[in-house]
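Look at the sequence and the model below, and keep both at hand while reading.

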Amino acid sequence: SRALCYYHLFLEHPILMKTLEGPSTILCIGSGAGSELVGISAAMVHANPVPKTKKKKATTSSSGKSKDREDREDKEDKKDEEAIPKEAPIQTEDPALNLEKMNISSPSSEGAAPEEVSLVATKPKKSKANKHQVTIVMQDYVDWTSILKPMETVVRQRMVLGAERLVCETEVGNVLDLSEGLLQRVAKADLITFMFVLNELFQDKKRTMLLVAKIVAAMPTGAHMLVVDSAGSFSNLKVGERTYMVYMLLDHLKSLETVYQDDATWYRCPPSATYPLKLENMRHFVRIYRKL
């Protein structure tokens with residue numbers, strides 16, 4: 001049911017589909033069971049990573065010059081341009097934007113040297129090779145490799161997704177510990193998903209609020225975060241005497257821009273879909289944020 005829900009969720013939102021054109025990295029928190037792998041891979045079939053074709057030069061010009069002569073003149077102009085010293089690139093990102101500015105502290109980070117937590121929140125350059133490649137990183141507390149590997153094999157066969165188009169990686173560990181390795185993955189991700197996992201994490205409110213703050217701080221500028229969870233009381237968060245929905249915490253973070261929101265929506269499984277187990281309809285909320 002969740003795989004179908006995620007599949008339709010991506011198809012409905014151009015922002016998410018744009019990520020699937022590549023090159024991109026999607027970090028899926030709490031995704032070990034494989035729903036994200038199946039749903040996102042299925043949506044990739046509908047993405048359209050068509051490279052732009054360069055316009056060919058005309059064989060003749062309006063000035064009447066021959067093509068060979070124009071080519072020689074173009075080469076000479078290019079040599080002249082290369083001889084001119086180039087100006088240093090303008091720094092557009094704030095190199096001081098790191099986790100320390102969030103005034104976050106925890107027992108594990110006290111006394112740490114600044115370089116250990118100073119991940120610069122800028123989007124890394126993508127390699128020109130495999131420019132339509134999408135990397136899905138499946139993070140979970142438990143090692144699901146024995147399930148994910150055969151699932152990946154079937155996904156590649158059924159959806160015709162080779163290694164040049166889809167890369168699957170895993171990250172095992174307690175996300176609340178937020179290891180340095182996971183934090184580095186956050187800093188390289190174009191999209192981070194929390195799908196039916198955030199309300200469970202908020203059973204430990206203090207550590208989860210610290211987790212959210214650190215992840216948002218480490219996200220590259222322009223990266224997106226997708227949050228999907230139950231629209232019912234399971235997503236209630238009690239703070240003092242008041243009760244809030246989990247998404248209200250994220251809505252008020254100044255470094256996140258809400259680009260899409262739906263407080264309650266249904267995904268209803270199509271009657272034609274068959275599965276050995278009963279497929280359940282799901283009422284959930286949706287939030288898509290962009291890092292400012």
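Helices and strands here are DSSP runs, a helix having at least four residues and a strand at least two, and they are numbered from the N terminus. The model is a predicted one. Tyr 141 counts as exposed because its relative accessibility is 59%, and exposed means over 50%. Together with Val 142, Trp 144 and Ile 147, Tyr 141 makes a nonpolar surface patch of about 400 Å².

Helix α3 (residues 35–44) is mostly covered, with 8 of its 10 residues buried. Among them are Leu 37, Ile 40 and Met 44, and the buried residues of α3 also include Glu 36 and Ser 41.

Another loop, between β3 (166–172) and α6 (180–188), contains Leu 176. Leu 176 has a relative accessibility of 16% and therefore counts as buried, since the cut-off for buried is under 20%. What is Leu 176 in contact with, leaving aside its neighbours within four places in sequence? The contacts are Leu 201, Asp 204, Arg 207, Thr 208 and Leu 211. Leu 201 is 25 residues apart from Leu 176 in sequence, while their C-alpha atoms are 7.9 Å apart in space.

Strand β8 (residues 256–267) includes Thr 258. At 29% relative accessibility, Thr 258 is counted as partly exposed. Neighbours within four places in sequence aside, Thr 258 is in contact with Asp 251, Arg 287, Ile 288 and Tyr 289. Thr 258 and Arg 287 are 29 residues apart along the chain, and 7.2 Å separates their C-alpha atoms.

Note on methods:
Residues are numbered from 1 along each chain as its sequence is written. This is a predicted model: local features need pLDDT of at least 70, side-chain atom pairs count only at pLDDT 80 or more; totals for chains, interfaces and linings use all residues. Side-chain values use heavy atoms; hydrogens and water are left out. Buried means under 20% relative accessible area, exposed over 50%, partly exposed in between (1.4 Å probe, protein chains only). Contact means heavy atoms within 4.5 Å. Patches are made of residues with over 30% relative accessible area and no salt bridge: like charges are joined within 9 Å, nonpolar side chains (Val, Leu, Ile, Met, Phe, Trp, Tyr) within 5 Å. Accessible areas come from the Shrake-Rupley method with a 1.4 Å probe; for residues, only the protein chains shown count as cover. A salt bridge is a side-chain nitrogen of Lys or Arg within 4 Å of a carboxyl oxygen of Asp or Glu.
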